[in-house]
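Here is a note for a colleague who is opening this structure for the first time. Please read the points with the view beside you.

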Amino acid sequence: MALESQLWSWLSKVRALSEGAVDMERIENFLGAGFPDVDGFAALPNETPFAFKLELKSSLRPARAVTPIRFKLKGREKQIEFLRRRVNMGEAAFFLLQVGEYSERRLYLAPGNCGEDLQSGLTESE
């Protein structure tokens with residue numbers, strides 16, 4: 001089953017390979033309802049350093065490409081609102097989406113203000 005823990009494992013490897021340019025911590029809602037799964041900061045060469053937030057969501061790929069993917073956002077309106085608010089304030093806030101598993105998986109970085117669309121369901125091509 002496609003799990004958010006697989007996304008965090010992948011992000012941890014990215015952090016290790018960044019040679020100190022990216023710092024991320026996984027947060028398990030200890031800071032309040034709606035706070036995203038990952039709080040991070042990046043100081044990349046020749047770029048302005050920036051803070052970011054990531055909400056990790058994972059889903060199996062539907063059998064048919066026309067079937068909408070519905071990430072687990074039902075009842076998570078506070079997560080949706082938090083990311084939308086942060087994006088509107090200018091912060092880098094995203095949904096990191098995993099669709100599928102193993103070698104068939106695809107990762108997508110979606111802007112934090114698209115939570116309602118993800119909650120309603122989108123096809124992978126959308």
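1. Start with strand E2, residues 38-42. Its covered face holds Val38, Gly40 and Ala42. Asp39 and Phe41 make up the uncovered face. In a regular strand, side chains alternate between the two faces of the sheet. Helices (H or I, at least four residues) and strands (E, at least two) are DSSP runs, numbered from the N terminus.

2. A word on the source. This is a predicted model, where local features need pLDDT of at least 70 and side-chain atom pairs count only at pLDDT 80 or more, while totals for chains, interfaces and linings use all residues. Residues are numbered from 1 along each chain as its sequence is written, and side-chain values use heavy atoms, with hydrogens and water left out.

3. Which strands does E2 join? Five bridges link strand E1 (residues 22-26) to E2, and the two run antiparallel. Across that pairing, Arg26 stands opposite Val38. Five bridges also join E2 to strand E3 (residues 50-59), again antiparallel. Here Ala42 faces Phe50, and Gly40 stands opposite Phe52. Two strands pair if DSSP finds at least two bridges between them.

4. Now the whole sheet. It is open, has five strands in the order E1-E2-E3-E4-E5, and its pairing is mixed. E1 and E5 are the edge strands, since each pairs on one side only. Neighbouring strands are turned by 25 degrees against each other on average, direction ignored. Axes are lines fitted to C-alpha atoms, for helices over the stretch in contact, and angles run from 0 to 180 degrees between N-to-C directions.

5. Two helices pack on this sheet. Helix H1 (residues 4-17) touches E1, E2, E3, E4 and E5, and its direction makes about 155 degrees with that of E1. H2 touches E3 and E4, at about 145 degrees to the direction of E3. Contact means heavy atoms within 4.5 Å.

6. At 1.5 Å a residue, its 12 residues should span 16 Å, and its end C-alpha atoms are 16 Å apart, which agrees. The expected span is 1.5 Å times one less than the number of residues. Gln79, Ile80, Phe82 and Leu83 are buried. Buried means under 20% relative accessible area, exposed over 50%, partly exposed in between (1.4 Å probe, protein chains only).

7. What do the buried residues of H2 pack against? They meet E3, strand E4 (92-99) and helix H3 (115-120). Just after H2, Gly90 takes a positive phi of about 100 degrees.

8. Check Glu55 in strand E3. Is this residue buried or exposed? Glu55 counts as buried because its relative accessibility is 2%. Its contacts, not counting residues up to four places away in sequence, are Phe35, Pro36, Asp37, Gln79, Leu83, Phe94, Phe95 and Leu96.

9. Finish at Pro111, in strand E5 (residues 106-111). Pro111 has 41% relative accessibility, so it counts as partly exposed. Leaving out residues up to four places away in sequence, Pro111 touches Ala93, Phe94 and Phe95. Pro111 and Arg86 are 25 residues apart in sequence and 11 Å apart in space, C-alpha to C-alpha.
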